[in-house]
Amino acid sequence: MTSGTTTPGTTPGLFDPITLRSLTVPHRGWVAAMCQYSCDPVGAPGVPTDWHLVHLGQFATGGAAMIITEAAAVSPEGRISPRDAGIYNAEQVAAWRRITDFIHTQGTPGTLTGIQLAHAGRKASTYWPFSRLHGSVPEAEGGWETLGPTGEAFDGYAAPRAMTEEDILAVIRDFGEGARRAVEAGFDTVEIHGAHGYLLHQFLTPLVNTRTDGWGGSEEARFRLTLEVIDEVRGNIPAEMPLLLRISASDWVEGGLDGAASARLAAKAAEHGVDFVDVSSGGAVAHVRIPVGPGYQVEFAETVRAAGLPTGAVGLIDDPEQAEGIIREGKADVVLIARAALRDPHWWLRAAHVLKRELAPVPQYQRAGSFGRTR
C-alpha cells in the first residue's frame with residue numbers, strides 16, 4: 001500500500017512523502033545498503049561498531065529520509081565475510097539499537113531506517129574487499145562451510161554443501177527470527193535481500209538453481225524459498241510495518257532472470273505481504289558484462305513497477321535533477337543512492353537546494369546556511 005500527499009492531479013517529486021502501510025517517509029531520497037566489512041570477527045562477530053554508527057549517522061544528519069543498513073546476516077554462516085554484520089543474537093540487537101536510536105533523533109521528523117536481512121549462501125565465508133586476499137576464507141582461518149541450492153561453486157570460491165530440506169527450513173526460520181530481532185532493535189522497516197547472487201537469488205535464478213525437487217526446476221519452485229521467507233518475515237513483524245524486498249531484476253545473461261520474470265516475482269511477493277521492491281541487478285554468476293552507465297538499472301525498476309508495487313531505483317544516480325526526473329516520470333517511486341552519498345553525505349540537503357524544495361538542516365547546521373535557505 002502506497003500513497004503520497006501531493007496535490008491531486010500532480011505527480012510526486014523527490015521531496016514529496018511516500019506512505020507504505022502506516023509508515024510515512026518524509027521524502028523519496030533514501031540510502032541504499034552498503035556493506036562495510038567492519039565488525040570484529042574475533043571479539044564480537046557480527047556486532048555493529050562505532051564505525052557503523054558514524055557511517056550511517058552521517059546520512060541522517062545529511063537529510064536522508066530512509067537509511068537501509070548493510071546486509072545483516074540471519075545466521076553466522078549467512079555472513080558474506082567474517083567481518084560482516086549480523087542480526088542473530090542479543091548483542092547484535094543491542095548494538096543496532098544504539099544506531100537506530102541515534103538516527104531517529106536526526107531531522108524533523110526523525111530519519112527512518114530499515115535493516116537488510118540476508119544470507120550469502122555459496123558467496124559466504126569470503127575475504128572482505130580491502131583484504132589483500134581473495135576467494136573463500138579457509139575454516140582454519142575463521143571461515144566456514146557454505147550452503148547453496150546445489151554443490152556448484154561460485155567462480156573462484158569454495159564449493160558449498162547442497163542444502164537439504166532441513167537446511168532450507170532452518171534458513172526460513174532464521175529469516176523470521178532476524179525479523180523479530182529487527183523489531184526489537186528499533187528498525188522502522190525490514191528489507192529481505194533477494195539480490196546480487198546471495199542465497200535467495202541463487203534459488204530464484206535458473207542459472208544457479210538446477211534442483212529438481214520442490215525448491216527448483218519450474219519458476220514456481222524457484223520462487224518458493226523467497227515467498228516462504230516473505231511469509232515468515234511478515235509473520236514476525238507488526239502488521240502495520242512495511243516489508244521491502246531487494247531483487248536483481250536481470251542476471252544480464254541469456255537464460256537467466258529478466259525484467260518480465262522479476263515483474264512476476266514482484267506480483268507474487270505483493271500477494272505474500274511485500275509493500276515495496278528495491279530493484280537492482282546482477283551478481284548471480286561471475287564474468288558478466290554489464291553496460292554500466294548513469295541510471296542503468298532504472299528501466300528494471302519501471303518494468304517491475306508495472307506489476308503494481310512501488311519500486312526503488314538504484315545505480316549511478318548522482319544528480320538531483322536526474323533523481324527528480326526518475327520520480328516525476330513515474331519510472332520509480334523512490335531513488336536510493338550509495339556512491340553519491342559517500343562522496344557527499346549531505347547529498348539530500350544540497351539536492352533540496354538545487355531543486356528549490358524545503359528540507360531543513362539539523363539544528364547544528366542551520367546557522368551556517370551552507371545548504372541554501374533554512375527555516
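A: The crossing of α3 and α5 is right-handed, meaning that the near helix is turned clockwise from the far one by less than a right angle. Helices here are DSSP runs (H or I, at least four residues), numbered from the N terminus. This is a predicted model, where local features need pLDDT of at least 70, side-chain atom pairs count only at pLDDT 80 or more, and totals for chains, interfaces and linings use all residues. Residues are numbered from 1 along each chain as its sequence is written, and side-chain values use heavy atoms, with hydrogens and water left out.

So where do you look? Helix α3 covers residues 165-184 and helix α5 covers residues 219-234. Their axes come within 8 Å and cross at roughly 35°; those axes are lines fitted to C-alpha atoms over the stretch in contact, with angles running from 0 to 180 degrees between N-to-C directions.

On the α3 side, the contact (heavy atoms within 4.5 Å) is made by E165, I168, I172, R173, F175, G176 and A179. Facing them from α5 are R224, L225, E228, V229, E232 and V233. Sort these by class and you get seven nonpolar, one polar and five charged residues. For that sorting, Ala, Val, Leu, Ile, Met, Phe, Trp, Tyr, Cys and Pro count as nonpolar, Asp, Glu, Lys and Arg as charged, and the others, Gly among them, as polar.

P320, E321 and A323 of α8 meet W347, R350, A351 and V354 of α10.

Key. Helices (H or I, at least four residues) and strands (E, at least two) are DSSP runs, numbered from the N terminus.
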